[in-house]
Amino acid sequence: MKAFQQNLKQLEAADTQVLGVSMDSPFANKAFADQIGVTFPLLSDWGGDVTRQYGIYVDKYKAARRINFLIGKDGKILEEQIDRDAIDPKKIVDACERRKLSR
Amino acid sequence: MKRNCVSTMLGVWLLTAAMVCPQVHAQGDKAQANKPEPVPLKLNVGDVAPDFKLHYFDGSDLKEVSLSQYRGKSNVVLAFYIFAFTGG
């Protein structure tokens, strides 16, 4: 999440809203956001319905996989980053910048 | 005669090596192929992302956020993470 915070200005300049999602409670997520200095919303998928809907619930951990989705203005998925690749958001930042330039 | 024998032995050894090596190599490839592949995602690039309504706490209130509120306005990065208070 910190990595997204570091790139937040670039992403916002490219018309992109960042939303973190986990199965923690809203209050745990707020405390987490404050601790790491994240200013974008960390959404609480308490119970995991959305995590399951997106097909990324992991039984073994009773939690979501580490995944980034970039969703376009038309609601379609433009990019995906999975597991370890999802820690560095460069691919997503680059994709946003490319789209900004191509407009 | 002795020299002849040595070269025959060498020949046999080389032949055996030539036969065994590709097998060893193939086994290596197979072991690599058996490495666990990352499980593919249910949603792929080009799919419509399912809408949702979720909440976050802004310090005083619970705020509702839906994916559809950004439709036509901005791109959205959905960053699913495993647990709060962990890295990544």
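Predicted model: local features only at pLDDT ≥ 70, side-chain atom pairs only at ≥ 80, totals over all residues.
User: Why does A:Lys62 count as exposed?

Analyst: A:Lys62 has 10 C-beta neighbours inside 10 Å. Residues are numbered from 1 along each chain as its sequence is written, and chains are lettered from A and ligands numbered from 1 in the order in which they are written.

User: What makes A:Asp83 partly exposed?

Analyst: A:Asp83 has 13 other C-beta atoms within 10 Å.

User: How do you know that the buried residues of helix 5 of chain A line one face?

Analyst: The buried residues of this helix are A:Ile92, A:Val93 and A:Cys96. Seen down the axis, they fall within an arc of 100°, so they line one face of helix 5 of chain A. The arc is that of the directions from the helix axis to the C-beta atoms. The face turned away from the buried side carries the exposed residues A:Lys90, A:Arg98, A:Leu101 and A:Ser102.

User: How does the reach of helix 5 of chain A compare with what is expected?

Analyst: Helix 5 of chain A has 13 residues and reaches 18 Å from its first C-alpha to its last. The expected span is 1.5 Å times one less than the number of residues, and for this helix the expected value is 18 Å, to which its reach is close.

User: What puts the buried residues of helix 3 of chain A on the same side?

Analyst: A:Asn29, A:Lys30, A:Phe32 and A:Ala33 are buried in helix 3 of chain A. They cover an arc of only 160° around the axis, which puts them on the same side of the helix. On the other side, A:Asp34 and A:Gln35 are exposed. The cover over the buried residues includes strand 1 and strand 2 of chain A together with strand 1 of chain B. Just after this helix, A:Gly37 takes a positive phi of about 75°.

User: How do you know that strand 1 of chain A and strand 3 of chain B pair?

Analyst: Two strands pair if DSSP finds at least two bridges between them. Strand 1 (residues 16–22) of chain A and strand 3 of chain B share six bridges in the parallel sense; six meets the requirement of at least two, and the strands therefore pair. Within this pairing, A:Leu19 has B:Leu78 as its bridge partner.

User: Which strands of chain B pair in the antiparallel sense?

Analyst: Strand 1 and strand 2 of chain B do, over five bridges. B:Phe57 stands opposite B:Leu62 in strand 2 of chain B. Their hairpin has four residues between the strands, and in it B:Gly59 takes a positive phi near 110°.

User: What makes a group of residues a nonpolar core, and how many residues has the largest one?

Analyst: A nonpolar core is a set of buried Ala, Val, Leu, Ile, Met, Phe, Trp, Tyr and Cys residues joined through C-beta atoms within 7 Å. The largest has 36 residues, and those with the most contacts inside it include A:Leu19, A:Ile71 and B:Leu78. Strand 3 of chain B supplies the largest share of this core, five residues.

User: Which residues give the contact between chain A and chain B?

Analyst: Two residues are in contact if their C-beta atoms, placed from the backbone, lie within 7 Å. The contact takes 36 residues from chain B and 52 residues from chain A. Strand 3 of chain B gives the most to the side of chain B that touches chain A, with six residues.

Note on methods. Buried ≥ 20, exposed ≤ 12 C-beta atoms within 10 Å, placed from the backbone.
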